[in-house]
Amino acid sequence: MALWDRLKDSTKTMQTQLNAKKNDLKSGAFRDASMAMCALVAAADGSVDPSERQRVATLIGTNEVLQNFPALDLQRRFDDYLAKLTSDFDFGKVAILQEIAKVQKKPTEARAVIQIGIVIGGADGDFDKTEQAIVREACFAVGLNPAEFDL
C-alpha cells in the first residue's frame, strides 16, 4: 500500500474515532487546544500559506466534533494562535504547546487533539516530516507516546 493510501486510511480512521467521542469533547480546554494544534501544524514550516488556512477553515466547517463550538469563535482562536506564531515562532510555539498541554489530564481530549493535528497535517495528502515533528512535540506536551500515533 502506498504511503498516500496509508495516510488517507489513517486519517479516516482517526476522524471516525473523533466522531465517536463527539459528546465527550465539549470543554473549553479541548476547543482551545484543538485550535492551537491546527495553528501549530499550519505554521510548522515557518509560514502559513492560503491553502493551509483553507484546510483549517474546511475542518472547522465540516468536522462533526468541532461543530460543538461556534465556527467564528474557532476561527478567531485559530487566528490568534497564528498571530503568536508569525510574530515569533519559537516563543509562540512554547505558548501554544502550553495551551495544548492543558488537556493532558483528560486522555480522551488529549488523544483527540493529537488526532486533529494529524488530520490537518494529512489534509493535503502530505503529512511531512516538519508537521510530524510538531505533532510529536504535542504528544509529549499532553503525555502521550508518539508511537501510539505512528509518529
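The model is predicted. Its largest nonpolar core has 46 residues, and a search of the whole structure turns up one aromatic pair.

**Nonpolar core**
- Within the largest core, the residues with the most contacts are Phe-30, Ile-100 and Ile-114.
- Helices α2, α3, α4, α5 (89-101), α6 and α7 each contribute at least two residues to this core.
- Helix α2 provides the largest share, ten residues.

**Helices α6 and α7**
- Helix α6 spans residues 107-122 and helix α7 spans residues 129-141; their axes come within 10 Å and cross at roughly 175 degrees.
- Angles over 145 degrees count as roughly antiparallel, and α6 and α7 are therefore roughly antiparallel to each other.
- On the α6 side the contact is made by Ile-114, Gly-117, Ile-118 and Gly-121, and on the α7 side by Glu-131, Val-135, Ala-138 and Cys-139.
- By class, five residues of this contact are nonpolar, two are polar and one is charged.
- Leaving aside residues up to four places away in sequence, Ile-114 touches Met-37, Val-135, Ala-138, Cys-139, Val-142, Leu-144 and Phe-149.

**Aromatic pair**
- The pair consists of Phe-30 and Phe-69, with 6.3 Å centre to centre and 35 degrees between the planes, a tilted arrangement.
- Phe-30 belongs to helix α2 (residues 28-42) and Phe-69 to the loop between α3 (50-62) and α4 (71-87), so the pair ties together parts that are 39 residues apart in sequence.
- Both Phe-30 and Phe-69 are buried.

Terms used: Residues are numbered from 1 along each chain as its sequence is written. This is a predicted model: local features need pLDDT of at least 70, side-chain atom pairs count only at pLDDT 80 or more; totals for chains, interfaces and linings use all residues. Side-chain values use heavy atoms; hydrogens and water are left out. Rings of Phe, Tyr and Trp (its six-membered ring) pair if their centres lie within 6.5 Å; planes under 30 degrees apart count as stacked, over 60 as edge-to-face and the rest as tilted. Helices (H or I, at least four residues) and strands (E, at least two) are DSSP runs, numbered from the N terminus. Buried means under 20% relative accessible area, exposed over 50%, partly exposed in between (1.4 Å probe, protein chains only). Axes are lines fitted to C-alpha atoms, for helices over the stretch in contact, and angles run from 0 to 180 degrees between N-to-C directions. Angles under 35 degrees count as roughly parallel, over 145 as roughly antiparallel, 65 to 115 as roughly perpendicular and the rest as oblique. Contact means heavy atoms within 4.5 Å. Ala, Val, Leu, Ile, Met, Phe, Trp, Tyr, Cys and Pro count as nonpolar, Asp, Glu, Lys and Arg as charged, and the others, Gly among them, as polar. A nonpolar core is a set of buried Ala, Val, Leu, Ile, Met, Phe, Trp, Tyr and Cys residues joined through side-chain atoms within 4.5 Å.
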